Amino acid sequence: MKRISDAINESFGDLTKNQKVLSQYILAECDKAAFMTAAEIAEAAGVSQSTVVRFAWALGYGAFSAFHSALQNELQYRITALEKFELLDSEEVSDSSVFESLAQADTLNIKKTLAVNGTDGLKNVCARLQFASKIYIYGQGPCACGAYYMGSYLRALLGSVCVVNQTGEDPLSTIATIGSSDLLFCISLPRHAEQTRMLLRYAQRREACVVTISEGPDSETAAFADVNLSAECGDYGAGGSLAPLLTLLNALVCLIVRNDEKAERRLRLVDELPRYLLREEGR
């Protein structure tokens, strides 16, 4: 996607007077405009909403939605994660605009995650999970919620699962007995702590299977992995969004249930348990 600044420079001579006024606002306040609706941009720049729409067309984006995506893409060249949080707190940006912008970003990042992870790779991970004697799951920082999510399902579907984050012990001590028939499932993105690298190195030395989910195949943690899956965390917030990660984890769970009759039966039993307990209480 063409950068906003490049598109404006290329088209500036053909813009109308109001469009040139708008272009100056966009170049100066791109960080705020990325979280605004067309009406809000028009009001802030002192032009009409139709000028904003025609401006998007004049730059070659075809529609305001594409122009808006380009505005958000421009942020990665301009500001840090902390600055993005400060922008979301700006009085010029309405609450609904923040929610809409983040939802659009999540949708885009989920699509990117889908594009970079082939079905064969997902099935490969599922097969390794199903054949592992014991599964250790670790999530670094905010990714711990993904570890909890995955652990809650895999305990029901596959049995022998340890969520390292939930033990209350030192992570390395928790996986001390990991062996060649076991699997370490490590979720870490977009940054990687030394403790995470230590876990991966230890599991590798113990000849355990290592599956990682990271920001990409060239990440630090992917270098330790037998299989790496990628989750596009995006540019918004402190480290980005976890929505693509949780979607990816959900896909793994669904594939296991879809292709393993024993796992499906186990899930049905777990699903029926609350209703069984209610019937027992009613007797």
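Buried means under 20% relative accessible area, exposed means over 50%, and partly exposed lies in between (1.4 Å probe, protein chains only).

**Ground rules.** I am reading a predicted model, where local features need pLDDT of at least 70, side-chain atom pairs count only at pLDDT 80 or more, and totals for chains, interfaces and linings use all residues. Residues are numbered from 1 along each chain as its sequence is written, and side-chain values use heavy atoms, with hydrogens and water left out.

**Entry one: salt bridges.** I looked for salt bridges (a side-chain nitrogen of Lys or Arg within 4 Å of a carboxyl oxygen of Asp or Glu). The count by this rule is four.

I began with E194, which pairs with R197 at 3.0 Å between the closest N and O atoms. Both sit in helix α11 (residues 194–205), three residues apart, about one turn of the helix; helices here are DSSP runs of H or I, at least four residues, and strands are runs of E, at least two, numbered from the N terminus. E194 is partly exposed at 39%, while R197 is buried at 18%.

E194 also forms a salt bridge with R201, with closest N and O atoms 2.6 Å apart. R201 is partly exposed at 27%.

**Entry two: E220.** Which residue does E220 form a salt bridge with? I found R197, at 3.1 Å between the closest N and O atoms. E220 lies in the loop between β4 (209–214) and β5 (227–230) and R197 in helix α11, so this pair ties together parts 23 residues apart in sequence. E220 is partly exposed, at 43% relative accessibility. Through shared partners, salt bridges join E194, R197, R201 and E220 into one network.
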